[in-house]
Amino acid sequence: MSYGAAHAELYDPVFRSRGKDFEGEAEGLNRLVRSRFPGARTLLDVACGTGAHLENLARYFDHVEGLDHSPAMRDVARGRLPGVAVHGGDMRDFDLHRTFDVVICMGSGLAEAESPEQMAGSVARMAAHLAPGGVLIVEPWYFPDNFLDGHAAGHLFREDGRVVSRLTHSARHGTRSRVEIRFMIVDSSGFREFTDVIVKYLLPRERYEAAFERAGCTVEFVPGFSLADGRPNGPGLFVGVRAGGTDPTGVIT
């Protein structure tokens with residue numbers, strides 16, 4: 001799935017109006033990293049989208065970079081992050097020819113792979129960009145046992161003289177989920193609308209954990225982030241550490 005310009009324009013305002021706290025999530029990600037790699041200085045955000053997380057993570061790390069498949073999303077990220085490298089690329093096969101202390105992949109983009117094997121390959125590519133002892137944090141899509149088949153949701157907000165409606169419908173199709181997102185926008189020029197469809201694998205927790213382990217990382221599953229009203233914004237976070245580093249006590253792992 002590669003979001004177009006219309007969706008990229010609305011991505012941040014929609015999620016912020018729903019209560020998503022990019023600043024707070026960046027702080028939480030930093031805490032997770034520091035508890036495992038206190039001296040981490042460099043970070044790569046895979047599927048960085050509009051750069052909203054990356055902008056805030058730049059407060060905690062000396063050097064940050066992003067990567068995204070969508071040209072429209074990259075344009076937004078580059079506009080808000082002058083001087084930060086935002087690479088075009090596919091998480092399944094990217095190679096930046098360097099390593100980072102931290103690699104993150106938020107927003108469940110990993111589950112948009114075309115097969116479970118591609119998902120595992122993406123984890124391997126991210127782990128290959130980690131320095132020894134580096135931290136890999138991935139936000140998964142829902143698992144088969146907690147996905148809500150037929151879930152319908154809606155949200156409306158007003159901003160800068162326009163009203164935006166976002167409706168979603170989620171359905172299970174075998175081992176995949178299909179999420180249809182319909183936007184309608186009205187402003188002084190009139191109405192416009194568009195629809196995006198996202199297909200994501202419904203992979204069990206064990207498949208993600210196995211992918212981390214095959215990529216040479218330990219892994220644990222920790223609670224994720226919530227929206228402003230307390231609703232969970234996803235099932236949690238996988239946090240991995242690549243072998244060969246130093247733990248907080250100074251012991252070589």
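Lys 200 lies over the face of Trp 141, 4.5 Å from the ring centre (a charge sits over a ring if NZ of Lys or CZ of Arg is within 6 Å of the ring centre and within 35 degrees of the ring normal). This is a predicted model: local features need pLDDT of at least 70, side-chain atom pairs count only at pLDDT 80 or more, and totals for chains, interfaces and linings use all residues. Residues are numbered from 1 along each chain as its sequence is written, and side-chain values use heavy atoms, with hydrogens and water left out.

**Around Ser 177**
- Ser 177 is placed in strand β8, residues 176-187 (helices, H or I, of at least four residues and strands, E, of at least two are DSSP runs, numbered from the N terminus).
- Ser 177 counts as buried because its relative accessibility is 1% (buried is under 20% relative accessible area, exposed over 50%, partly exposed in between, with a 1.4 Å probe and protein chains only).
- Not counting residues up to four places away in sequence, Ser 177 touches several residues, including Trp 141, Phe 147 and Lys 200 (contact means heavy atoms within 4.5 Å).

**Helix α2**
- The 13 residues of α2 (22-34) should span 18 Å at 1.5 Å a residue, and the end C-alpha atoms are 18 Å apart, which agrees (the expected span is 1.5 Å times one less than the number of residues).
- Asp 21 caps the N-terminal end: a side-chain oxygen lies 3.2 Å from the backbone nitrogen of Glu 23.
- Buried residues of α2 include Phe 22, Ala 26 and Leu 29.
- The buried residues of α2 pack against elements including α1 (5-17), α3 (52-57) and β4 (100-105).

**Glu 55**
- Glu 55 lies in helix α3 and, at 33% relative accessibility, counts as partly exposed.
- A polar contact of 3.4 Å joins the side chains of Glu 55 and Arg 80.
- Glu 55 and Ala 26 are 29 residues apart in sequence and 8.9 Å apart in space, C-alpha to C-alpha.

**Aromatic rings**
- The count is 11 aromatic pairs (rings of Phe, Tyr and Trp, its six-membered ring, with centres within 6.5 Å; planes under 30 degrees apart are stacked, over 60 edge-to-face, the rest tilted).
- Tyr 208 and Phe 238 are stacked because their ring centres are 5.1 Å apart and their planes lie at 25°.
- This pair links distant parts of the chain, with Tyr 208 in helix α6 (residues 205-214) and Phe 238 in strand β11, 30 residues apart.
- Both Tyr 208 and Phe 238 are buried.

Notes:
A polar contact is a pair of N or O atoms within 3.5 Å; within protein, one must be able to donate a hydrogen and the other to accept it, and residues adjacent in sequence count only if both atoms are side-chain atoms.
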